[in-house]
Structure formats: C-alpha cells, structure tokens
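Please open the structure in a viewer and keep the selection panel at hand.

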Amino acid sequence: MSWIGVKTEDKRKLLMLLPVFFLCGISEMLGYNGYMTLFNERFGSEYLPYVYAAEAILLPLEAWFMSWLTGKLRKPQLMRALFLLMGAIITLNTVILLTVRVSGVDVRAYYPFLFLSSSFVVRQQTILLWSLAIDLCPTQQAKRLMPLFVSSAAMGGIASGLLAQGISSLLGADAVYMMAPLFLLAGGFNYWRSIARYLVPLTLKEIHASGDHSAEATASSTYYFKKAFTWPYMITAAAVMTLMPALYFLLEYEFLNVIRTVYTTESEFAAFLGKVTSLLFTLALVLQLVSGRLSAWLGPSNMLAVIAAVFLGGFLTVSLTLGSTAILLTISLAYMFFYVLLYYFAEPANQMFFKLLPLSERDGYRYVVQGVSVSLGILLGAGLQWLHAGLGLGLTLLAVVGAAGSILLIWVTRIGRRLYMEELVSSVQTMTTSGSVSTDSLQELLRHGRLTSVLRELLNHRNDYAREVALELAAQTRDVSLQPRLVELLRDPGARIRSAALRALDPASLGTEASSQVAAALADKDFDVRSEAIRVVGRAPATRERLKEYLYPMLEDAHPQVVVAAVKVLYALQDEDSKEACRWVISHFLQTGGEPVVAICELIASLGLTEYAPDVAGLLGDPSPAVRQASIESLGRLGYVEAIPMLLVQLADSEPILREAVAEAFVRMGSEAVEPLLAALPRIEPKVWSTVIRALSSLLGEEQSRQRLVPEVLEMLLELWNCRQAPKLIRRAGYEGLAGLAELRLTELRGFVMDGAWAVMEVMTEPAVVQSIRLASEDEDEEIRESGLEMLAEGMGEKRLSSAILRQLAEDAEGTPSGREAADALAGDGLDAEAGIMLRHIRLLRDRWLSEIAEASLQQKEVAMANGDRHLFGLLDKVVFLKEVPYFSGLSLEELGRIAAIAEEQFHPEGTRMFRQGEPNPTFGVIVEGHLRITTHLDDGEEKEVAMLRRTFVYGESSSLYGTLTTASGTAVDGELHILAIRGEELSKLTRLYPGIGIGMLRSAFDRVRRLERTIAGKE
C-alpha cells in the first residue's frame, strides 16, 4: 500500500478502522434512506418544513446536551456512551416499526419522532466517526489515512444504496431501516476495540481541571458571539454557511416531492432513493480523487463561489425541466451534486474564514458561527420549503426562488472573498501570524495578484523585523519583479537583512550587473552573508564562467561554514581540479581537528564522501562532545557499518545526547547494520544494549522484532528481575554503603533495560499508545499508574513482553525495602547462602559496576567510613562517599565513578591553611572527616568566622573551576582534616567531556542558593 502513501505503521490502524467506516457508512445511509422514505410516504413530504423547523429548535438543546455529556464523561466513556445511545435509538425505532408491521396498526404521529431521532443519529454518527479517527491518528498519519477513511465511508454509501434497492423490493422500506442497527452492531465490534486499544491509553494522562469554569465559558461564548456578529467578516461567513445548506434543503424538498409523484409505493420510492444513494457516493468517490488538485487550483475563496454557481445552474435546470420527462434525471443529478459539494467541498472551504484568526481565538469563533449557522440554515430551508407546503407555491416557482437564492449566495461569496483577501493582506502586513504565513495563504494572495504589492510595501518598511519577514515570504514566491529591491538590500546595514535578501533572490534570473553585486557580497564581513552569497553565485548563470575565480579564495576563509558552502558548489562542478582543491581542504580540516571539523563532518555526509569515513571515525575519540556527535551523525549518514564496533565502545562512556546520536546513526546505516548489531547484543552492557535494541526496533519490522528482539528483551528483563533482592541481601549482611550503590545502579539499569523494552513494544503496537501507557504506568498518581498497569495486564502488543514489563513495573511500584533498621540490627552477620548465590550470579553479569559491587560484597570489603582512623579509599569507597555528598546528589553511579577516578585522598593536620582570601585556589575539596573553618578579613583587619564546614561539605567550587580569587580563607580545625581533593582543571575537563556531570552539579548549586534564600527570608 506504499503507492498511496500508507506506511507500515499505518496498516494495523487501517485494518481496525476501515471496517468501522464501511459498516457504519452502510448503517447510516440505510437509516437515512429508511426514515426519509417512511416519513415522506406515510406522513407526507408536505410536512417536511415543519419537522425541519422543529429540528432547528431542538438543535440548541442537542448542543447543550452534548456539552453537558462531554463535561461529565472522559473521552473514551463519551465515545462509548454516544455509540450506545445511537444504537439504542435506531434499535428502539426498529422494534416500533417491526411492531407496526406485525400488528398492522399504523401510528401516523410516530413518524416525526422517527425523523427527528434518526436525523440525530445520522448527524452524530458522522461527527463521532471523524472524531474517533482524528483522536486516534497523529497529525501526519491523519493526513495519510483520512482519504482512505473517506473512501471507505463512500464505499459504504454505495453498498447501502445497492442494499436498499434489493431489500425494499423484497421486504419493503421499513425493512431497509431495520437493517441499520445490524450493520451498526457489526461496525461496533472494531469501534469498541479501537477505543480500548488506542483511545483509552492515549487518555490515561487526561486530568480534569478542578473548579467550576462554567462562568468563564459562558463569558467566553458571549464575547465571541458579540464580536462575531458585529464584525462584517464573520457576518459574511455566517451568511455563506446559512444560505448554502438552506438551498440544499430546498432542492432536497423538491427532489423528494418529484420522486414521490413518480414512485408512488414505499418500495419503489426506497429502491429509487437507494439507487441515487449509490450513484451519489460513487460521484463522491470520483470527486474525492480530484478534490485536492481542484481546491489547490481554485483556492478556498473561489471554491465557494464555484459551488454557488453550480447551485444556480442546478435550480435553473430544474425549473426548466419541471413537467417534462427529463425532470427525474435533472433533479436527481442536481441533488447528488448539491449533496457532494456541500458536504465534501463547502465544509472544508468554509474553514478559510477562520484560519486567519489568532490560534487562541479560532475555535471560539468557529463554534459560535457554525452553531448559529446550522440552526439558521435549517430554519431558512424550512421556510423556503413552506412556500410550497404552506402557501402552495408551485415547484417551478420554488426552483426560481432557489435560483434567486443562489444568485444571492454568489454575491455573498464574492463579498466574503473580498473581505477574506483584506484580512489576508492585513495579516501579512501586520505580521499577526507570528511572523509567518501559510503556503495556502501565499498561494491565495498570488492567485489574486495581491502579494507582490504587499511585499514591495513591506520591503521598504522601516522596521527590520517586517523587512526580514517580507524577505522570507519573497523567498517562497521567487517573484522576479522584486529583484531590484532585493539587490538594493544587499547593502543594508543589518547582516540578517543582507543574508535574507540573498536567500530571496532567484539565481536563475540574475543579470550580469546583479550577479556582480552578489559576487561583491563574498567579501562581506558577516560569515552567514558570505555563505549565502556563495550559494547564489554557484547557481547564477551569469557567474558560471568566473565561478572558480570567485570561489577558490573562499576555500581559505576563516569560518568553516563559508568553506563548506564553497566546497559544495565546487564539488558540484565535477571537474578534477575542483575536486582536488576540495579534497585538500577537507583533509586539512580533518587533520587540524577542533570545533571547525563539525561543519566538515556534515559536509562529508551531505556529499556522500565515503572515502573519508575512516578519518571521520577517528574523530570519535575527540575530547569535544560536539565533534564526537558530528562524527557519529556523519558515519550514520554515510552508512559506514565498519564503524559499529567503535560506536559500541563510544556508547559505553557517552552522554544521553551521544547515545541518541549513535542510535540514529545505526538506523541510518539501514539493513546492513542489523546483523552486526544482533551479533553484539549478547556481550554488551545494559546501557549499550538499550541503545542497540532501540535502533534495531526501528530497523526491523513487527515480525522480525517478535522473533529476534522479544526473546533478547525477555532475557534481559529476567536477568534484571533476578537481581532485584541484591541490595536487601547486601544490606542484611551489614554492608550499607555497598547496598546503597547496588540500589542506585539497579535503578539506573532498570531505566536502560525498560527503554529497550518499551521501544520493542512500540513496534508491536501503536507508538503513541505505548508512550501513553508508559507515562501512565510511571506516574506518581496511584490511580493513573494503576490504569496504565491494567492496560499492560490486558496484553498490549506482545503478551509475553507486556507481562514481563508489568512484573517489573509492579516491583518498582512496591519499591525496594531499605531495611535500614533491620540492617543495623543484623550488622556483622555476614553474607548468608542465599546472598552468596545471588552475588556470584551478579558477578558474572555484563554490568561492570554491579559486578564490582557483588565482588566487594563477596570479599566482605565494606567501606569503613572514617571514624578517626586513617583509611585509604579505593574507587568504590570514594563512590560510596560521594553518593552521600549533597552537591553530587543529582549524578548517576557512572558519573560519580568518573569524579572518584580523579579525586585524590588527602590528610591535612590541624591548623593547615587550605586557601587564603584573595589568592587563587586550584582545588575543589570534599570533606570526608574533620572541620574546615571559613573566615574573612574585615576592613579593620579583624578576622571573622563566617561558616564551619564539616563532613560531606564542599569548598572551592568557583575558584577551582573558573579561576576566580577566593573571597575567604579556610583552615583545618578540631583535629586532622580528611578530604577528597579534585584539581579544578581536571574537573573542568570532565564536565566538558560529560556535560551531564556539569548539569547535575549546577542543579545542586542552584538548590543550595534557593535554600540560602529561604533561610535569609525566614530571618528577615
């Protein structure tokens, strides 16, 4: 199905929803055929105006009821309740019709109720189905699938027409209606499943706003009502949306009266109506194929005028053929075109009136105007019908009235078009659309020749922002008439304006003089302007002969972005001299290294220069995270699978942003990366494993993921599950510090493994659904969390995988018992047999940190925290201690390990001056044991104590990291001072290599400042 734009991830949803639209489409049109036939034949078409008037009066009550119901129920409950309500209504009517048929007693007063209740079902069923599709499909998916849903509904309409013809001929018109609940029930099976599978998970995080907002809503509605009906633009919109359905209802009335005179029995009437229904939806299906191009060609403002013209033609044709043998054909064709144009073309075109409004007000105006227009349209339609039913006006004259109404509609649409164009021009001139205008709006302005004059005015605007936005619009239109002004703007004082002017120029239309002025911009002092000038010069025919002369000097530009732009243009020449010059530049940058090589990596990838892939791979060890990330991205785009082992090594010590870059690189490498990655899975640690699993889940389809990834994920989840009691057992043995590290590491490992498990689950079902379940199941709110766990318990996606995830999440929700008091009571008992078996198992696992913790526990090497005796820390000892330091509370075990690796244990005797006020201090210190008195010298020479630092306190953050002079002095007091000393230069280098460490430390520093502010505020 890829030829129609359907992607693999769409198929599951299509299989679920296409039958719903098809079967419910059949049900809807069978119901419509049935109640229209029964009302016209058994009650009388002359009463249509009255029943339509009653419907118009009931519509506000219906809107209030729907609004009330929406406020009472969550979305899934609302969708189910409405479906049950519709099913109950048509089932009730079916039972009544069946009773009437069996008993032979015809209750004539019942048919208005049949009409009104069934009309409610038809109206709400349409809204309900489209609402379901929109809610279930993300924006881009909706754009792909909506045409298929429309086609499925149209096919249902065709099928309903064929069924109506056969059923009415054999069983009668009432049997046509009686079939509607059966098809609704058939479609309800998938409807119900789609809500449970997609909508319920998507609304797990729905939180109802507390408090009573009814007053606010009422005020808001009143505001929009007053504004809409005192604003000519909205009044015109309301007039169009009122007149068009009113004229449709008028023609429908004439159509029903004509066929009633031709087909005098219920069966004949229903059969013909079924035939028209089939032809109508066939026409809708055909027009659907060209609707996009037709709308793009005409534009929304002209589309409404064309529809009004078709309405006029239809009424004139009907008026001329009434009384002739051709009337049945002409009025049937007119009815079909009116129906399709109103519901398939006019409804989308009407939205043009609202799309220029501010986003925050758009829906408010839309609901008010459309709500009023629907009621007025039905009332006006009923009034026009009453001219025949109540006043006795002939059908021919009634058609003439319709033609007059169509002329009025044409006039109103022309006014609407003029007002729309004025609003559109105003929105561009004042930039009320956040500095940008949609492509549709630009095309509309171009179609009516207004954009050029608007842009010319804005390009001469005094405000730089207005000119910049105008240049962006000019870049989209490529209007040659603006070129002289664009060339003038190349001399503008603002670099952004000069750069935007170059982007707006059309290189193909540049003359010799203009090209020379562009070439002069190659010497501009701003690198972005020089880069844009290179791109224009490279595409301008007038500069082709002197291209090398212009661009060779740019290869030596000081800014890499300019060099990259020059290389791209020269490389496109495909001559050996230019390529050789480009190769030299690329090789020079790769050898020199540093931040400029980031742009070169992007250049290599964009040009597909695979010969440089080994050199790019060599940059994976660069100290700059930006260079490493650029290297990773370039290798992925080049498809260099030979770099996979190096990338796996890179993953072991990388930050989250680099892990994401590696995952994306694996995906870009495509199918050739699958086997190397699968082969690596059994021997890589969990953090690396998680990234590889996520990449493979994107590369493999559902079936391959089920076969090759699900077993791997289940094994890793089981491994994690088997380790869950390790902290408790280690603590029970009295090793509190190691138990704390084990808890921290297991928490981190759960995150890595669950990331991989959820990624595979997304392949098994809808990604948005999985994300909603994940957010809900990890939520702090118990009710939301339980809802997420219930969805998993139902076996979402792959049942084995959902069960394993559920078990892990349930364990996380219960929490790992700290047992600190029990540990104190049992301290010194040592490891029991159960703990020994588990720790020997853990020691063999792929995670280095967990293995080291298990090994230390087995060797009974618990950290003996400093209690006055000298103690030399090992790496794990330092990590255990740093974990207790508040300044490092936001860091992971790996990050703590990196800091511990550069921390030097030092002992200083009492009285040692650790740093002096006004002098440099290169050491970042963490106090392990002892006290550090902080003093400052006052203006009178007196030394004043300002703080006493003790265990887990840090000092020297600013002076060691940023090279500032100390603002106080520090002295060891009350005995020996035991510290972990970190050279500021080493710590600064570490934060550059691993930005997460710096962010964690910064977060802790902000927390300290906030606590200090609260303390000061409390004292005041």
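The stops below state what to select and what is found there.

This is a predicted model, in which local features need pLDDT of at least 70 and side-chain atom pairs count only at pLDDT 80 or more, while totals for chains, interfaces and linings use all residues. Residues are numbered from 1 along each chain as its sequence is written, and side-chain values use heavy atoms, with hydrogens and water left out.

**The helix pair**

Select residues 625-638, helix H27, and residues 656-669, helix H29. Helices (H or I, at least four residues) and strands (E, at least two) are DSSP runs, numbered from the N terminus. The two helices pack at an angle of about 15°, with their axes 7 Å apart; axes are lines fitted to C-alpha atoms over the stretch in contact, and angles run from 0 to 180 degrees between N-to-C directions. H27 and H29 are therefore roughly parallel to each other (angles under 35 degrees).

Next, display the residues in contact (heavy atoms within 4.5 Å). On the H27 side they include Ile-632 and Leu-635, and on the H29 side Leu-658 and Val-662. By class, this contact of H27 with H29 has nine nonpolar, two polar and four charged residues; Ala, Val, Leu, Ile, Met, Phe, Trp, Tyr, Cys and Pro count as nonpolar, Asp, Glu, Lys and Arg as charged, and the others, Gly among them, as polar.

**The strands around E3**

Now select strand E3, residues 923-937, and strand E6, residues 969-983, which pair in the antiparallel sense over 11 bridges (pairing requires at least two DSSP bridges). Thr-935 stands opposite Ser-969 in E6.

Thr-936 has Lys-944 in E4 as its bridge partner. In the hairpin of E3 and E4, select Gly-941, which takes a positive phi near 90°.

Technical notes. Parallel < 35°, antiparallel > 145°, perpendicular 65-115°, else oblique.
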